[in-house]
Amino acid sequence: MTQTQLAVNGAVGRMGQTIRDTATTRDDVSVALGVSPTTDTESDHPIVAPTDRQDALKTRDIDVVVDFSTADAVEPLARDCTATDVALVSGTTGLDEETREVLQAASEEVPVLHATNFSRGVVALQRALDSALAALPSYDIELLETHHSGKQDAPSGTATTLLETVADHRDVASVHGRNGEQQREDGEVGVFSRRAGTVRGEHEILLADNDEALTLTHRAESRGVFAVGALDASHWLAGRLAGRYSVVDVFADTTNGDET
Ligand SMILES: NC(=O)C1=CN([C@@H]2O[C@H](COP(=O)(O)OP(=O)(O)OC[C@H]3O[C@@H](n4cnc5c(N)ncnc54)[C@H](OP(=O)(O)O)[C@@H]3O)[C@@H](O)[C@H]2O)C=CC1
Ligand SMILES: O=C(O)C1=N[C@H](C(=O)O)C[C@H](O)C1
């Protein structure tokens with residue numbers, strides 16, 4: 001098996017550390033480089049500053065950059081990947097429209113896969129939501145997400161993607177929390193973001209009407225679930241043609257670190 005050489009962007013952050021730890025348990029990927037504004041003196045591979053990333057990607061023969069950093073770091077990263085002909089897997093959330101367009105432009109030059117959630121359960125949740133929305137076209141919908149206190153963006157990237165699925169089925173307007181006299185209106189989706197402790201990531205969608213309620217819930221129990229999905233995606237993406245890919249493509253071909 002060819003081993004995929006990785007650079008981890010955001011290497012010293014919560015997810016970056018988990019990616020690097022998880023990669024050491026696998027044969028299909030190896031972390032050759034980290035990129036971070038702050039270093040990690042314990043690291044067994046070099047960690048370079050974002051300004052030195054482009055040179056390091058070239059000299060270290062990197063196949064794929066796997067990115068869990070901050071929303072404003074993604075645009076320069078995509079440009080560096082294009083300039084060095086390196087594939088990009090990104091899980092960073094909170095991206096604005098301009099950054100999404102830069103990722104799309106990069107995908108014309110190199111393989112690009114961006115996902116707001118790398119867990120297999122969330123891909124299944126998306127499918128379940130799609131099916132529930134088709135079966136219950138007029139039911140009220142509300143969305144609740146809960147994450148650790150260090151999370152920067154709200155609502156979560158996953159919640160935003162779930163809302164896009166709702167919008168595929170009907171005209172809706174998101175309302176972020178309610179306060180005072182604010183009765184629910186037709187076509188409204190209430191979105192609630194809780195931030196507390198070390199919660200890894202929970203998403204719950206409520207569909208209710210007609211004297212019944214259906215809840216669809218996903219709970220990540222560790223960051224490892226995201227890391228495994230992102231590493232599966234990285235190995236799968238290496239060597240592919242330029243283009244835009246999704247986790248659905250990856251999970252159809254792999255099962256938790258193994259080729260099917
Ligand atoms: N798609 C998915 O499955 C998942 C996505 N995420 C997303 O991943 C992202 C990171 O989450 P998390 O690890 O918890 O966040 P952290 O804040 O722990 O880590 C982010 C890291 O990025 C670093 N960073 C900042 N600027 C740059 C830059 N220009 N180049 C490279 N690195 C940079 C930060 O360094 P410093 O602190 O020194 O500024 C920090 O170490 C978030 O957007 C989160 O929502 C998280 C989990 C799963
Ligand atoms: O920041 C996190 O931790 C997570 N972010 C992603 C998101 O914004 O949806 C995925 C997961 O929920 C964990």
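In which sense do strand 5 and strand 6 pair, and over how many bridges? Strand 5 (residues 87–90) and strand 6 (residues 111–114) pair in the parallel sense, and three bridges link them. One of the residues to look for here is S90, whose bridge partner in strand 6 is H114. Please keep in mind, as we walk through, that this is a predicted model.

Seven strands make up an open sheet with parallel pairing, and their order is 3-2-1-4-5-6-12. Its edges are strand 3 (47–48) and strand 12 (243–245), each of which pairs on one side only.

Helix 1 (residues 14–23) lies across strand 1 (4–9), strand 2 (29–35) and strand 4 (64–67), and it runs at about 150 degrees to strand 2. Helix 3 (residues 74–84) also packs on the sheet, where it touches strand 1, strand 4 and strand 5. The direction of helix 3 makes about 175 degrees with that of strand 4.

Helix 3 has a helical partner too. Two packed helices are described by the angle between their axes and the distance between the axes. The axes of helix 3 and helix 4 (residues 97–106) come within 9 Å and cross at roughly 10 degrees. Angles under 35 degrees count as roughly parallel, so helix 3 is roughly parallel to helix 4.

How is the chain divided into domains? The domain assignment gives domain 1 (4–118 + 223–259) and domain 2 (120–219). Taken over C-alpha atoms, the centres of domain 1 and domain 2 are 28 Å apart. Where the domains meet, 11 residues of domain 1 are in contact with 11 residues of domain 2. On the domain 1 side, helix 8 (residues 247–253) gives the most, with three residues. That side has four nonpolar, six polar and one charged residues.

Strand 8 and strand 9 (residues 188–195) run parallel and are joined by four bridges, with A173 having E188 in strand 9 as its bridge partner. Strand 7 (residues 140–147) pairs with strand 10 (residues 202–209) in the antiparallel sense over seven bridges, and L143 stands opposite I205 in strand 10. Strand 10 then runs antiparallel to strand 11 (residues 212–219), joined to it by eight bridges. Here E202 stands opposite R219 in strand 11. Strand 10 and strand 11 form a hairpin with two residues between them, and N210 in the turn has a positive phi of about 55 degrees.

Finally, let us turn to the ligands. Ligand 1 is surrounded by 27 residues, the closest of which are G10, G13, M15, A73 and G91.

Ligand 2 has T93, T116, N117, H147, K151, S156, G157, T158 and G201 around it. Its shell contains no nonpolar residues, eight polar ones and one charged one. Why does ligand 2 lie between domain 1 and domain 2? Ligand 2 lies between them because both domain 1 (4–118 + 223–259) and domain 2 (120–219) give residues to its shell.

Technical notes. Residues numbered from 1 in each chain as written. Chains lettered and ligands numbered in written order. Predicted model: local features only at pLDDT ≥ 70, side-chain atom pairs only at ≥ 80, totals over all residues. Near = placed C-beta within 6 Å. Nonpolar A, V, L, I, M, F, W, Y, C, P; charged D, E, K, R; others polar. Domains from an automatic or database assignment. Pairing = 2+ DSSP bridges. Contact = placed C-beta atoms within 7 Å. Axes fitted to C-alpha atoms, helices over the stretch in contact; angles between N-to-C directions. Parallel < 35°, antiparallel > 145°, perpendicular 65-115°, else oblique.
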